[in-house]
Amino acid sequence: MSKIQEIQSAVETGKKKIVKELVEEALAEGLDPVDILNQGMIEAMGNIGEKFKTGEVFVPEMLVAARAMKAGVEILKPHLASKQDTSIGKFIIGTVQGDLHDIGKNLVAMMAEGSGFKVIDLGVDVSPEKIIETIKENPDCRVVGLSALLTTTMPSLGRAVTAITEAGLKNQVKIMVGGAPITQEFANSIGADGYAADAASAATLAKEMIAS
Amino acid sequence: MNSRERLLCALNHKEPDRIPLDLGAGCSCKFTGYFYVKLLDYFGIKEDLVYNHIPYQLVSASDKVLDLLKCDVRSATLHPIPQSESPYAKKWEDEESYYFTNGWGAQYRMPKEQGLYYDLVGSALQDAEDEEDDQTFIWPVPEKFPLADRKQLEDYQAAGFATTLSEQFGNGFLQQGPLMWGFENWFAMLLTEPERCTAFMDKLLEKKIEFYENIFETYGGVIDVCSEADDFGEQRGTFVSPKLIRDMILPYHKKLNDFIKSKGVPFMTLHTCGSVEAAIPDIIEAGFDCLNPVQISAANMSPDHLKKTYGKDIVFWGGGINTQSTLPNGTPEQVREETKRNIDSFAKDGGFVFSTVHNVQDDVPIENFIAMWETFQDNCKY
Amino acid sequence: MIIIGEKINGSIPSMGKAIQDKNEAYILECAEKQAAAGANYIDVCASVQEEIEVETLKWLIDLVQGITDVPICVDSPSPHSIVAALPFCKKVGLVNSVSFEGEKIDTIFPVIADTKWGCIALLCDDKGIPTTVERRLEVFDNIMQKAEEYKIDPSRLYIDPLVETLSTNGSSLTTFVECTREIKKRSPSVHVTSGLSNISFGLPVRKLINQAFMVLALGAGMDSAIIDPTNRDLLGLVYATKALLEQDEYCLEFISAFRAGLIGPKAK
């Protein structure tokens, strides 16, 4: 097994310590840090995402893989800094106003980061104004992900999408929505550009959105 | 048949005269304050609201309302006597939000604008890194209950109602951890540091048993059903693998169930949200008699499949109407249609207590609720 | 020997002023020096009005924890303030203190029952400090009974038999010594501690009385003290006495304390 494959498998199984050691060894062997990141770690997170989608792994497995990747990235960082930006794009994410649920939102953020996005996490109970302000501050950002867990905050999701549209920002960003009670039909009805049922699908959808 | 006979008959997997109905009593079969006001208006009743669950803003429904709804189950109204001062408990507010911290050190916040619930924003051990740090946690001491309160349940039973205790000590064995360490830390710990998790759950079991000892000091012999809540599922499946639930979590429930039943409570309900189908055989194995809230909209949780596969071994307490879409957002016609369909799926051979899938929330139109209730009344006879 | 560093206490005038002026540097220095001198716990007592006591304790505890890992001894006359301050501590420490006065013990014991926290317990009750050895031991027995009720192991208790002022009560030390001997006989794993400086009140050259007390109390079985560990003379006496009492094999601790520069003449 090549070093990169070893890193990939260690990330997938969530072996934080081993990932750190392997990344250090790989760097010492002169491997390209960008390859370590893309082929070693991001691909591993992609695999985990697929397995999560099919129900082969569960939330804890995804969490420890993400933590293992994070530990590896910490070691890579100083070596990446000299090169150009390695992220594939920015991803603004938040839970809408009145809703404080962040578990699903955090999983999406984690998978998006694992797919190579630079994630700007606005947290929970985020007002439309705050979202718009952040989009304006990041003119290079092209994806926004919004979450609502409650049937009672679904209208708030609609209000956020409307506000972004009315601020004339729809030509800059695409909006994806999600959360337990949300469906594709609901996403369509409020004018969102996409809906994802789980964290891994959200990351895939975000990649499609920046590619289109 | 009185209400109690009806419920016990259904729990014994036999068909009573009609399907028993639980609204407002059992675990997660309750009403939020805003909705309850709509219900009071509908009946033209004036009452003061009695909140019994602050984070979810749930109220205790009065006997008058439960009588009007022809509900078969009544729950104990607890008046806990604290046995210790909590170092964590406090309440405060700032410009944007209301806050409180409970006896478990879990900090909740509700936005003043557009906020309908309190949600978890911090926990006692969120920065704990090892078992030594975990030991700084100061456990809440299970409360005791006035002996005189026993009469409430005795009276309910004498009047022919089934009785339930819908409160518990803390959250379940899987779900208390997230309130202590934070969701992400706990779920990672389950895989990477299982010994920290089991040390905690050992203690939790001890405390839960102490809680039930206190309960039975007051209510021994007059409770028909107890329930423990422990959410295992999300929309698409279980949070953690069914194997982890089987090996690490359910053995604790089994021990607790054995204890509770040894004290003369005949039936135990597990409240567990989401798609839990994969865990149902193990849930039955752990000694649970009833499943609640039966989230039929989640993956692999269709009424026909559940009834056919597990109907002989577990009672479905819930599953009457989808509260994630139909009840709040459907038309009264859609509510009627779904209610009827679910009854048709679940009713045969008993083993079914009709209730909404989870508490009835603020945004449910009263017409939809009444449509559900009328449909139930028209179709509940065996 | 378990040493509880006494210096961060608002009732000491210089510290009281530092707390009032929010003089972080002074408090940090005090914490660091006591930790370096080998304190096992650092006592933190705000000594401010009750309305701001909990927030002041939080501020002090956070400061101390920011500079040292030595666990905190949470000190307040109000049991409710103590309970409120426990969650601020990142390590399991000591409670200072309970007694049989009012509801103190019934407030604190249920809270720490299921923890590993230690607790200082004073041998006094609602009638004050009992004058006879017998009466003080009665309070001791009552405390031990409460501890048993809450399943608190004796080894978590630090009994302070209390010292009165020698200048007004000639039997102060003898009472203390008899109590200590009897406590250790009845419950060998219980600790005996003392905030000893009270003994010398109203006398000249107080430190001589304090030092003599320390030696005699250690001889009677005291195994903890609430003192200023940066006081080299007093600390030196503690190490020397322990060596003499066969509690320091080959005098190793005495020697290493000297080598570490904790006792003896200061290196120039």
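Colleague: How many bridges join strand 4 of chain B to strand 9 of chain B?

Modeller: This is a predicted model, in which local features need pLDDT of at least 70 and side-chain atom pairs count only at pLDDT 80 or more, while totals for chains, interfaces and linings use all residues. Residues are numbered from 1 along each chain as its sequence is written, and chains are lettered from A and ligands numbered from 1 in the order in which they are written. Strands (E, at least two residues) and helices (H or I, at least four) are DSSP runs, numbered from the N terminus, and two strands pair if DSSP finds at least two bridges between them. Strand 4 and strand 9 (residues 162–165) of chain B run parallel, and the bridges that join them number three.

Colleague: Which residue of strand 9 of chain B stands opposite Ser75(B)?

Modeller: Ser75(B) belongs to strand 4 (73–75) of chain B, an edge strand that pairs on one side only. Its opposite number in strand 9 of chain B is Thr164(B).

Colleague: What is the order of the open sheet of seven strands in chain B?

Modeller: The pairing in this sheet is parallel. Strand 4 and strand 14 (352–353) of chain B are its edge strands. The order is 4-9-10-11-12-13-14.

Colleague: At about what angle does helix 1 of chain B run to strand 9 of chain B?

Modeller: Helix 1 (residues 3–11) of chain B lies across several strands, including strand 4, strand 9 and strand 14 of chain B. Axes are lines fitted to C-alpha atoms, for helices over the stretch in contact (C-beta atoms, placed from the backbone, within 7 Å). Angles run from 0 to 180 degrees between N-to-C directions. For helix 1 and strand 9 of chain B, the angle is about 65°.

Colleague: Why is one side of strand 5 and of strand 8 of chain B left without a neighbour in the sheet?

Modeller: These strands belong to an open sheet of four strands in chain B, with the order 5-6-7-8 and antiparallel pairing. Strand 5 (90–93) and strand 8 (119–122) of chain B have an open side because they stand at the edges, each with a single partner strand.

Colleague: Which residue is the bridge partner of Phe100(B)?

Modeller: Five bridges join strand 6 (residues 97–101) to strand 7 (residues 107–111) of chain B, and these strands run antiparallel. In strand 7 of chain B, the partner of Phe100(B) is Tyr108(B).

Colleague: Which element gives the most to the side of chain B that touches chain A?

Modeller: The contact takes 28 residues from chain B and 22 residues from chain A. Strand 7, strand 8, helix 7 (183–192) and helix 12 (326–329) of chain B each give two or more residues to that side of chain B. The most, seven residues, comes from helix 7 of chain B.

Definitions and conventions:
Contact = placed C-beta atoms within 7 Å.
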